[in-house]
Amino acid sequence: MINPTKTIDFPAFLASTVHDMKNSLGMLMNTLDEVVETCVSKGCDSGSQLSLMQYESRRVNNNLIQLLTLYKMDMDQFSLQLGEYDVYELFEEIILQNDSVLKARGIELIMECDEQQIWFFDRELITGVINNVVNNAYRYAKEKILIRAVEEDGFIVISIADDGNGYPDAFLTTDVQQSTGVSFSTGSTGLGLYFASMVAVMHKNRDRTGTIEIANGGEYGGGCFTIRLP
Amino acid sequence: MIDLQKKKFLVIDDFPDFIKLMKRTLFALGANNMDEARSGEQAIELMKRNSYDIIMCDYNLGAGKKDGQQILEEAKHSELIRHSTVYIMLTAENTMTMVMGAVEYQPDAYLLKPISKEVLGKRIETLLLKKADFENIEAAIARKEYNSAIALCEEKIKTSPKNKLEYLKLKSDLCIRAGNLEAASVVFEEVLAIRDIPWAKLGRGKVYFLEGSYLNAREIFQAIIQENKMFMEAYDWLAKTLEELEDMDSAKRVLINATEISPKAILRHQNIGNLAFKTNDFDKAAEAFNAAINIGKNSCYKNASDYTGLAKTLVHTDSSEGALEVLQAAREEFKGDRNAMLQTSVAECTVYKDLGRDDDAKKSIQEASKIHASLGGAVPVQETMELAKACFSVGDKATGISFMQEVVKDNHDNDKVINMVEDAFEVADLQEEGAKIIAATQKEMIKLNNEGVSLVEQGRLKDAIDFFEKAAGRLPENKIINANAAHALLMFMEKNAVSDKYLFKASQYIDRLKRIDPAYDKYKKLLFMYEKLKNPT
């Protein structure tokens, strides 16, 4: 019998449900990819709607991944899988993942990275952070998004810049390192930046720690997100 | 893009729709030779019959079922997959709490679902290229030519800056396998100078452990866990270190902490059981052995000692009847496995003794002795010693002593084993007699070895080979005898000509040394000699 007064472990419930949702969403996304492919090759005219579906499902997927990861971090069940990765290859993969959706909106994703560039980080986490920023830029960029990596003073500096109108002032004045905030007035959940700052902080090398930064201007005059990893 | 048409795929998932989807995606990437399995059992059967190039395995295959990690362990353990096989673990979330087994049992990649066709194609291509890059080294490792493999690694480190760290990691591991701890240390220091990388820290700790600097080792392993509590290998090494320091309680606690984080590691439960038993913590021991038995049902690491351990524990908690049931279950589970039957019979003796059924206890001993004889020396020291103790317990002093002599003969220069033999004699109230037997047997072995050595010194290498081979046949666990058998063979080939037959024989003795004591100084030298003869230039 269900006892309505029994208190449930709501966060655990939420996490396991999110996990289940993610499985369904995964099937949905892969199937959608197949539909898009056959549809495009047949020259159907629902291309832009389908691409919007792809974009939105990716957004949901990114959010779910972030929620689950933050949950695990909160429960102290998360461990960084630090490895040495090829940054050039990682960027190529990001482009493969996002290019078709961005192209459908007339946005070009450009990468700048030394072919020999390698660095130490948690690949899934950093991919998550970059995908999330690129996904946001999709909404604001006009024609171009640049992802760039350079090595600077013992850090890898990965930045994502667009040619949109940039971040609203309210965003720029809050301390992104401490960002935990849900702001209902701006409609931002703050999840993406919070996740990014958590990921940055988890990356440490000896006495140095990763940081994030958001600014306007950047390479193309729009918003620019930067994550620096030691 | 690599042509996937010629590659054979195996897709493992409990969810049929996912298998279909994955196969369609792979097909779109050019693959057309694909098998599917819905369970671990099915996957293992397929791997026995086919040789796969790429295996795509979902981690979670349902509650209570073999998971992706267990399939991988079994496939590697039973050599169902090749070194060049790419094993990809698919997971639905990027938290690795469930995985992280021993390093040698890690998949080539973890991929987060969902994964788009383009990204999957690219990852498979990268993995195949990387496997090809490591092919020569893997082949040398498979031939156990560790020094050649190290030389190949060094070449790659110079020419392939992108995978430098991975080659360094492999090199350090090979140095340890070849018994060259100093060279391994150099690699770890080199890596740690660049950055604090957990595997390099662990490696430094392992070197301390192997050198016997247990306090230094403990400090390092503790620091690793402090910084990264999910690094499971560090717990196992810390526990081993604490055991060497004879702090059994702490060792047990460390492993219990580890199982709370990663509950499926069967070997860890086995260790907890043994430690808990040694520290008279019988409730914990029973819990741990039960866990090992349950997990063992899906694992290639199931072991009769999980059952015998539980049975012996139950004797201490006044449930000897239950213990007999456990041992009966072991007889069914390990039918046809003589080593398991030996262990079971010895444990039965203990249980019957406790129940006051002395005749049954004696019968168990007879059965155990018979199995022991049929195994012809291929019995782990621990088992022979248990058998000897059981003999003492039923008052069969003469048989017990003869088993103990066997143990001493095989391990006359191993202080740890000799101490255990002394303890066993003491428990059986045979302290003085035991000490005499040990001393006499040790003396006999030293004499035996000296006889062979003198043949070498006289230049009678052929006779020395015959002598040591005969001795090593009777003493498969004796370090110095096996080392000298290999040495005589290698010296003969150095002087005369290299022959496949002698090379093969030498490699078998060297292999024994590696198993008995990988830190043994002579092992390193013999391996060098062997590889030099096998691969001149």
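The model is predicted, so local features need pLDDT of at least 70 and side-chain atom pairs count only at pLDDT 80 or more, while totals for chains, interfaces and linings use all residues. Residues are numbered from 1 along each chain as its sequence is written, chains are lettered from A and ligands numbered from 1 in the order in which they are written, and side-chain values use heavy atoms, with hydrogens and water left out. Over all chains, a search of the whole structure finds one disulfide and 54 salt bridges.

**Cysteines**

- The disulfide links A:C39 with A:C44, with an S to S distance of 1.9 Å; the term covers a pair of cysteine sulfur atoms within 2.5 Å.
- The torsion about its S-S bond is about 55°, so this disulfide is right-handed.
- A:C113 takes part in no disulfide, and its nearest cysteine sulfur, on A:C224, lies 16 Å away.
- B:C153 is also in no disulfide; here the nearest cysteine sulfur belongs to B:C175, at 8.4 Å.
- For exposure, buried means under 20% relative accessible area, exposed means over 50%, and partly exposed is in between (1.4 Å probe, protein chains only).
- A:C113 is buried with a relative accessible area of 17%, and B:C153 is buried at 0%.

**A lysine to look at: B:K113**

- B:K113 sits in the loop between strand 5 (109-112) and helix 4 (117-142) of chain B; helices (H or I, at least four residues) and strands (E, at least two) are DSSP runs, numbered from the N terminus.
- With 13% relative accessibility, B:K113 counts as buried.
- Its side chain makes a polar contact of 3.1 Å with the side chain of B:D58. A polar contact is a pair of N or O atoms within 3.5 Å; within protein, one must be able to donate a hydrogen and the other to accept it, and residues adjacent in sequence count only if both atoms are side-chain atoms.
- Beyond neighbours within four places in sequence, B:K113 is in contact (heavy atoms within 4.5 Å) with residues including A:K22 of the other chain, B:D13 and B:F18.

**Where chain B meets chain A**

- The contact draws 36 residues from chain B and 40 residues from chain A.
- Together the two chains bury about 3500 Å², 52% of it on carbon and sulfur atoms; buried area is the accessible area (1.4 Å probe) that two parts lose on being put together, summed over both.
- Across this interface there are nine residue pairs in polar contact, with both residues at pLDDT 80 or more.
- On the chain B side, the elements giving two or more residues are helix 1 (16-28), strand 5, helix 4, helix 6 (164-177) and helix 7 (181-194).
- Helix 4 of chain B gives the most to that side, with six residues.
- The chain B side divides into 17 nonpolar, six polar and 13 charged residues. Ala, Val, Leu, Ile, Met, Phe, Trp, Tyr, Cys and Pro count as nonpolar, Asp, Glu, Lys and Arg as charged, and the others, Gly among them, as polar.

**Salt bridges between the chains**

- A salt bridge is a side-chain nitrogen of Lys or Arg within 4 Å of a carboxyl oxygen of Asp or Glu, and five of them cross the interface of chain B and chain A.
- A:E92 pairs with B:K122, their closest N and O atoms being 3.1 Å apart.
- B:R24 and A:E34 also form a salt bridge, at 2.7 Å from N to O.
- Since B:R24 lies in helix 1 of chain B and A:E34 in helix 1 (residues 10-41) of chain A, the pair joins two chains.
- B:R24 is partly exposed at 40%, and A:E34 is partly exposed at 21%.

- B:D17 forms a salt bridge with B:K20 at 3.8 Å between the closest N and O atoms.
- These two residues are three apart in helix 1 of chain B, which means they are separated by about one helical turn.
- B:K156 and B:D133 form a salt bridge whose closest N and O atoms are 2.7 Å apart.
- B:K156 is in helix 5 (residues 146-159) and B:D133 in helix 4 of chain B, so the pair ties together parts that are 23 residues apart in sequence.
- B:K156 is partly exposed at 23%, and B:D133 is partly exposed at 23%.
- Through shared partners, salt bridges join A:E93, A:R123 and B:R123 into one network.
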